Amino acid sequence: MDKTIVMSLGGSIVAPDGVDAEFLSIFRHHITSFLEKHDGVRLILVVGGGGPARRYQQAFRTITGSDDHALLDWIGIAATRLNAELLRALFHPLCADPVVTDPTAEIPFTGRILVASGWKPGFSTDFDAVLLAERFGARRLLNLSNIAMVYSDDPRTNPDATPLPRLSWKEFRAMVGDEWTPGKNVPFDPVAARKAHEGGLSVIIAAGKDIENLSAILEGRPFRGTVIES
Ligand SMILES: Nc1ncnc2c1ncn2[C@@H]1O[C@H](COP(=O)(O)OP(=O)(O)OP(=O)(O)O)[C@@H](O)[C@H]1O
Ligand SMILES: O=c1ccn([C@@H]2O[C@H](COP(=O)(O)O)[C@@H](O)[C@H]2O)c(=O)[nH]1
């Protein structure tokens with residue numbers, strides 16, 4: 001079992017619209033008992049912005065007619081910070097350190113859980129999760145979102161899209177491209193994908209709300225999801 005588990009927790013499951021308190025309550029219970037059973041395992045949770053990030057970004061676009069990426073990204077980052085503070089408080093006292101807002105800075109990790117938010121413009125929290133995985137020596141990253149797998153196309157707009165259980169980074173990056181746009185909805189952000197590819201990281205994309213499946217991933221049993229690796 002990995003000693004440090006890094007999870008990119010999609011804002012789409014934490015705060016799809018308002019906060020999903022029911023999911024967070026189940027997630028908190030599950031993660032707490034997992035850590036109780038597995039001494040020495042630490043968890044890094046990097047949380048996204050979800051519905052509020054998109055809504056505030058859209059309000060800025062509507063009011064100003066501007067598509068200023070840096071301004072839009074800072075709005076999104078503020079939403080990730082609010083979600084991160086909620087998670088940090090929910091996991092108190094297991095999470096003893098402040099929310100990580102810069103994954104390249106000095107990072108104290110004295111508890112069992114570390115919570116991170118967005119950092120700076122140019123990418124999503126997926127990228128911050130890749131930086132933290134590299135920083136803490138994790139060879140794989142678990143990306144929990146509102147989709148069970150990566151599909152051949154966006155399943156929300158194409159009902160004929162087929163699930164893809166395994167992808168190389170080359171194949172995945174051909175699907176999502178290289179360009180970042182604030183609030184982009186993709187299974188894993190293109191800038192993060194490039195960094196993960198370069199670093200030889202393996203990423204599992206799975207449904208965050210399927211707690212049984214999450215247990216299977218954490219405990220090394222067969223699971224439903226997409227594995228992306230070199
Ligand atoms: N090929 C694809 N396979 C699966 N999902 C896709 C694909 N292309 C686009 N998507 C979309 O990506 C969405 C997941 O990304 P989204 O950014 O909404 O989630 P998140 O990372 O969990 O949330 P947040 O970005 O708020 O942290 C899915 O709901 C789906 O509509
Ligand atoms: O390091 C970061 C992290 C996030 N952003 C911006 O915030 C939103 C919401 O984050 P998600 O991970 O997509 O939920 C994102 O779309 C970016 O606009 C950022 O700029 N830098």
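**Close-up views of the two ligand shells**

**View 1. Residues around ligand 1.** In this predicted model, 22 residues surround ligand 1. The closest of them are Gly 10, Gly 11, Ser 12, Gly 48 and Ser 145.

**View 2. Elements that build the shell around ligand 1.** At least two residues of this shell come from each of α1 (11-14), α3 (50-64) and β5 (150-151). The largest share belongs to α1, which supplies three residues.

**View 3. Residue classes around ligand 1.** The shell around ligand 1 holds ten polar residues, nine nonpolar residues and three charged residues.

**View 4. Residues around ligand 2.** Ligand 2 is surrounded by 19 residues. Gly 48, Gly 49, Asp 73, Gly 76 and Gly 118 are the closest. Two or more residues of the shell are given by each of α4 (69-90) and α5 (125-135). With five residues, α4 makes the largest contribution to the shell around ligand 2. Gly 48 is listed among the closest residues for ligand 1 and also among the closest for ligand 2.

**View 5. Residue classes around ligand 2.** Nine residues in the shell around ligand 2 are polar, seven are nonpolar and three are charged.

View 6. An unreviewed UniProt entry places the feature "domain: Aspartate/glutamate/uridylate kinase" at residues 3-206. In the model, this span is 43% helix and 17% strand. The C-alpha atoms at its two ends, residues 3 and 206, are 20 Å apart.

Methods: Residues are numbered from 1 along each chain as its sequence is written. Chains are lettered from A and ligands numbered from 1 in the order in which they are written. This is a predicted model: local features need pLDDT of at least 70, side-chain atom pairs count only at pLDDT 80 or more; totals for chains, interfaces and linings use all residues. A residue is near a molecule or strand if its C-beta atom, placed from the backbone, lies within 6 Å of it. Helices (H or I, at least four residues) and strands (E, at least two) are DSSP runs, numbered from the N terminus. Ala, Val, Leu, Ile, Met, Phe, Trp, Tyr, Cys and Pro count as nonpolar, Asp, Glu, Lys and Arg as charged, and the others, Gly among them, as polar. UniProt positions are given in the numbering used here, feature names are shortened, and annotations may be inferred rather than shown by experiment.
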